Amino acid sequence: MLFDSSIRKELARSFGATLVVLITVVMTMMLIRVLGQASRGSVAPSDVMLVMGFTVLGQLSTILSLSLFVTVVGTLSRMYRDSEMVIWFSAGRGLLSLLAPLLRFSWPIMLAIAALSLVVWPWANRQIQELKTQYEQRSDVDRVAPGQFQESSNGSRVFFIDKDTPDANAASNVFIATNEAHRETITSAQSARIEMRNGERLALLNNGQRLETMLDKPGLRISEFTEYGTLIDNGSQSDPEAGAIKTRDTWELARDPSPRHQAELGWRLGLAFAALNFVVLGLAVAIVNPRAGRSTSLTFALFAFMVYYNLMTVGQAWIGAGRFGLVPFMLVLHGGTLLAGLLLLAARHNRWSLRALLSRGARA
């Protein structure tokens with residue numbers, strides 16, 4: 001009883017401190033990222049904190065997994081370094097006996113990780129997508145500050161409006177300068193309004209003039225129009241299907257056998273299985289080498305975490321491309337990692353060594 005309670009108290013203190021540090025770091029990174037999106041016009045400045053909060057909430061399953069892994073490795077390494085493990089081993093406790101208190105401590109965390117990855121992750125993505133969609137669907141004329149020249153995101157257009165109309169989708173005294181590969185155009189109009197057609201935003205100019213200059217030919221073409229339509233923004237350059245998949249509920253992904261949906265399902269399930277593997281791996285690899293630094297075990301934990309999650313990302317791409325099935329990939333990566341961790345744990349518990357196994361095989 002004392003053995004279980006002492007280890008779980010130590011794990012709880014270390015987990016709380018690690019979680020606070022990681023959440024602070026991730027929130028800082030997400031704030032910088034969201035501020036960059038707001039500066040590019042992808043997110044409303046008033047929604048920066050909301051988007052950051054939903055983003056951190058969606059990434060919380062990964063943060064909890066890393067915190068759990070670092071906690072197990074760091075706590076057990078400290079116990080080895082302070083000779084506490086020697087005391088427990090002398091009392092008849094083997095390495096495998098640590099697995100039970102570790103699992104009793106970590107099962108609520110693993111349950112929370114599963115809930116976050118399967119339920120909260122798509123919900124948070126939906127909230128972020130709705131905020132971005134609401135901001136993208138507002139008028140591009142309203143997005144441009146009146147009385148200021150505004151350059152488009154790709155640098156090919158310059159806008160100027162003198163807005164004095166109460167309608168948010170309309171403006172007056174519009175100026176648009178366009179620089180394309182072989183021509184330059186300058187368009188001016190007395191008024192304009194914004195309309196959505198086939199998912200594209202069009203500016204319909206009224207009562208204006210258009211000057212067109214061909215860069216490879218001499219001359220200037222001048223035309224006047226009563227109404228003229230020009231493309232203002234063709235939407236985001238990101239893949240809309242990939243964003244839609246991330247917002248779908250898990251049960252919808254499970255019912256759809258398409259590779260891209262199975263890839264997203266594999267990623268969510270993998271986050272849940274990875275937490276269990278990290279507990280087993282943390283117990284198997286936690287050891288202190290007196291000749292190495294104190295941070296060696298934590299460095300190895302961070303490296304193992306990055307490799308594991310990169311393999312999950314690669315597997316998600318393979319499943320989405322149809323090169324690998326969902327079930328085989330889950331068995332190979334997550335099942336193989338669990339089996340390797342258990343074998344390493346059994347080898348350390350029974351003090352197996354490669355030299356001893358080879359000598360036994362030679363005698364046999």
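R348 counts as partly exposed, because its relative accessibility is 24%. This residue belongs to helix α11, one of the elements described in this briefing on a predicted model.

- R348 and V285 are separated by 63 residues in sequence, yet their C-alpha atoms lie 9.3 Å apart in space.
- V285 is the residue at which helix α9, covering residues 259-285, ends.
- Two packed helices are described by the angle between their axes and by the distance between those axes.
- For α9 and α11 (residues 326-349), the axes come within 9 Å and cross at roughly 5°.
- Angles under 35 degrees count as roughly parallel, and α9 and α11 are therefore roughly parallel to each other.
- The residues that form the contact of α9 with α11 comprise 15 nonpolar, 7 polar and 1 charged.

**Residue Q262**

- Q262 is located in helix α9.
- Q262 counts as buried because its relative accessibility is 16%, and the cut-off for buried is under 20%.
- Beyond its neighbours within four places in sequence, Q262 is in contact with L253, A254, D256, P257, I319 and L326.

**Strands β2 and β3**

- Strand β2 spans residues 157-160, with R157 and F159 on its covered face and V158 and F160 on its uncovered face.
- Strand β2 pairs with strand β3 (residues 170-179) in the antiparallel sense, over 4 bridges.
- Within this pairing, R157 stands opposite T178 of β3.

**Residue N207 in strand β5**

- N207 is part of strand β5, which runs over residues 200-214.
- Although N207 is not a glycine, its phi is positive, at about 55°.
- N207 counts as partly exposed, because its relative accessible area is 41%.

**Regions listed in the record**

- An unreviewed UniProt entry lists residues 12-36, 48-74, 95-124, 265-288, 300-319 and 325-347 under "transmembrane region".
- Residues 325-347 are 96% helix and 0% strand, with 32 Å between the end C-alpha atoms.

Definitions and conventions:
Residues numbered from 1 in each chain as written. Predicted model: local features only at pLDDT ≥ 70, side-chain atom pairs only at ≥ 80, totals over all residues. Heavy atoms only, no water. Helix = DSSP H or I, 4+ residues; strand = E, 2+ residues; numbered from the N terminus. Buried < 20%, exposed > 50% of the residue type's maximum accessible area, 1.4 Å probe, protein only. Contact = heavy atoms within 4.5 Å. Pairing = 2+ DSSP bridges. Axes fitted to C-alpha atoms, helices over the stretch in contact; angles between N-to-C directions. Parallel < 35°, antiparallel > 145°, perpendicular 65-115°, else oblique. Nonpolar A, V, L, I, M, F, W, Y, C, P; charged D, E, K, R; others polar. UniProt positions renumbered as here; feature names shortened; annotations may be inferred.
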